[in-house]
Structures are given as C-alpha cells and as structure tokens.
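Here are my notes for you, as numbered points to read with the model open.

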Amino acid sequence: MIIPMHELLKEAKKGKYGVAAPNVFNRETIEACFLAAKELRAPIILDVAGVHGIYECADIARFYERRYPEVPVALNLDHGGPFEDIVNAIRAGFSSVMIDRSQSSFEDNVKETAEIVKIAHACGVSVEAELGHVGQAYEYDKTRDTGLTRPEEAADFLKQTSVDCLAVAVGTSHGVYKGGCKIDFPLLDTLASQIEQPLVLHGGSGSGDDNLRMTIEHGIQKVNLNTDLVMSGLDRIQACYENNLEIKVPTGANMDEFTTKRMNMQQLYLVGAEGYKEKLKHYMKLFKSDGKW
C-alpha cells in the first residue's frame, strides 16, 4: 500500500532502523523493489527523478501496489526541481515530494520549501527538503566540506518550513567516489539530537557498509541508493555476455520452436533487475528494516 513517507520514517525512527530508498526508472526496477520488500517484509521508498517520467512511474507503482497490497511503500519525487514537476508529482499520486533548493540561499530555500509544504500538506503528501548540499563524488575533494549542514540553521529552517523530513549533508556524495567516504559522525550526532523530524542521507552508494550501518545508528532513517543498485544489475548482464548469452535449458525440459535458447533483450532486462534486487536486499538487511511488517 502506498502511504505518506513520513509515516514510514516515523516508524523507522521509533524502531531505530533505516528505510532503503532506491531510485526507480522503469517497470523492472519498480517490480524488483516490491519483490525485495515482500521477500524481506521490509518497508520501502521508491525515489523517482522527474527525468524518468513522473506519470509513467506513478502508474507502474500503482499497478504493483494492487498486486502487492501488503507492502508498505512510499512513492517519492527525488530532487524535485521545477515547480511544475513537484505539482505534477502530487497530481500523479505521489505520497511524498522532495523540493531541492540546497544550492539556493538559506532565505530562498526556506521561502520555496514552505510554499511546497503548504500545497503538499493540503493534499496529504509528505515533503522532504535538503539543508546543506550533497554534491557529486567525482569532485568530492572539492565539495565534501563546503556543503555540510550547519546545525545552527536547522532549527530555524524546520520551524519556518514545517517539512516532514530533512536531508542532511554529513560527508556523502552522489556517484562513484574517488577515494574513501568520510562521514562526519559528530555532526550527524548533533543534528540528530536537535531535530525531531526523520533524517535522510543522500549518496548512500559507495559509502561503505560500515559507514551506512553507523549512520543508521547515529540517527538516519532514509538512505537514498542508486549507483550500487544499477551497477549490480549491470554486472549480472555482463556475466551473461561472458557466457555467450547461452541459456541453460534443464535436462528433460519440453522444447518447441518458441523455446528461447539464447538471451534476448527482454531476458537481459530481467537478469539486470535480479542483480538490482539482490543488492537492494543486502541494504535492507544492513539497515535492519527486514521483518518490520
């Protein structure tokens, strides 16, 4: 069942576990998320970037919601940019939207976030915002320290905006790191002690299992994931190529003219989705969200 994201995250905060928030972009990845959540009995958040199709992904998610109604899931617009994208996500049935004004001034971030909160809350939709800025891993050495969240701004931001959860910058980045990830745990501890709302970590991929496990222990409730999942899917597909795309037909299986003996495009999608799903399940267990419903 698709529910407001803040409801999932409040339960995670109470239970001291994290909820995986994978980026989804087609039928295969959305189905993989529902299946992983069902197999592990874990809540899940589907993060959809506007570029991947707001209405298309919403329709697919609603289809799998009907197929797996027992799965607690939130449908969230990730890094909402244009005002139109955010409103379209609300119209499309998203249960949460993120407004990302992390590169704007504090004043503009507050003003535009508060405007979206007013609209979204009137529709029963949760809102995520970002304070500080999580940059790109390829320039990690230049941007890691400059975008860290300032605790002295957080209370004022939350009071003025009434957002439901806050993405904080504590040392992670998006993409593939050059070198290791250095998370500022004292900063995270300070933020977690001062903020009642659930906290979100962007740039989970490549940050390292130990780091991610510790972020949950230090107060994170939602972890965004993309690169690790899609690379795991790609690894599975590449393995098929190394096997010359041959499909092993079980001995004694009935074969006719329609039996596929070599991998085709459709099957490669499924192979990739299986790799994506297995990596996602790894993170669900790491975040201790398995068995929570």
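1. In α8 (residues 185-194), F185, L187, L188 and L191 are buried, where buried means under 20% relative accessible area, exposed over 50% and partly exposed in between, with a 1.4 Å probe and protein chains only. Seen down the axis of α8, these buried residues fall within an arc of 150°, so they line one face of the helix; the arc is that of the directions from the helix axis to the C-beta atoms. On the other side of α8, P186 and S193 are exposed.

2. Before going on, please note that this is a predicted model, in which local features need pLDDT of at least 70, side-chain atom pairs count only at pLDDT 80 or more, and totals for chains, interfaces and linings use all residues. Residues are numbered from 1 along each chain as its sequence is written, and side-chain values use heavy atoms, with hydrogens and water left out. Helices (H or I, at least four residues) and strands (E, at least two) are DSSP runs, numbered from the N terminus.

3. What covers the buried face of α8? The cover includes α7 (151-161), β6, β7, α9 (209-217) and β8 (220-225).

4. L188 is worth a click: at 0% relative accessibility, L188 counts as buried. Leaving aside neighbours within four places in sequence, L188 is in contact (heavy atoms within 4.5 Å) with V170, L199, T215, H218 and I220. Of these, T215 is 27 residues from L188 in sequence, yet their C-alpha atoms are 7.9 Å apart.

5. Next, have a look at strand β6 (residues 165-168). C165 and A167 point one way from it, L166 and V168 the other way, and all are buried. In a regular strand the side chains alternate between the two faces of the sheet.

6. Which strands pair with β6? Strand β5 (residues 126-131) does so in the parallel sense over four bridges, and strand β7 (residues 199-201) in the parallel sense over three bridges; two strands pair if DSSP finds at least two bridges between them. For landmarks, V168 in β6 is the bridge partner of L131, and A167 stands opposite V200 in β7.
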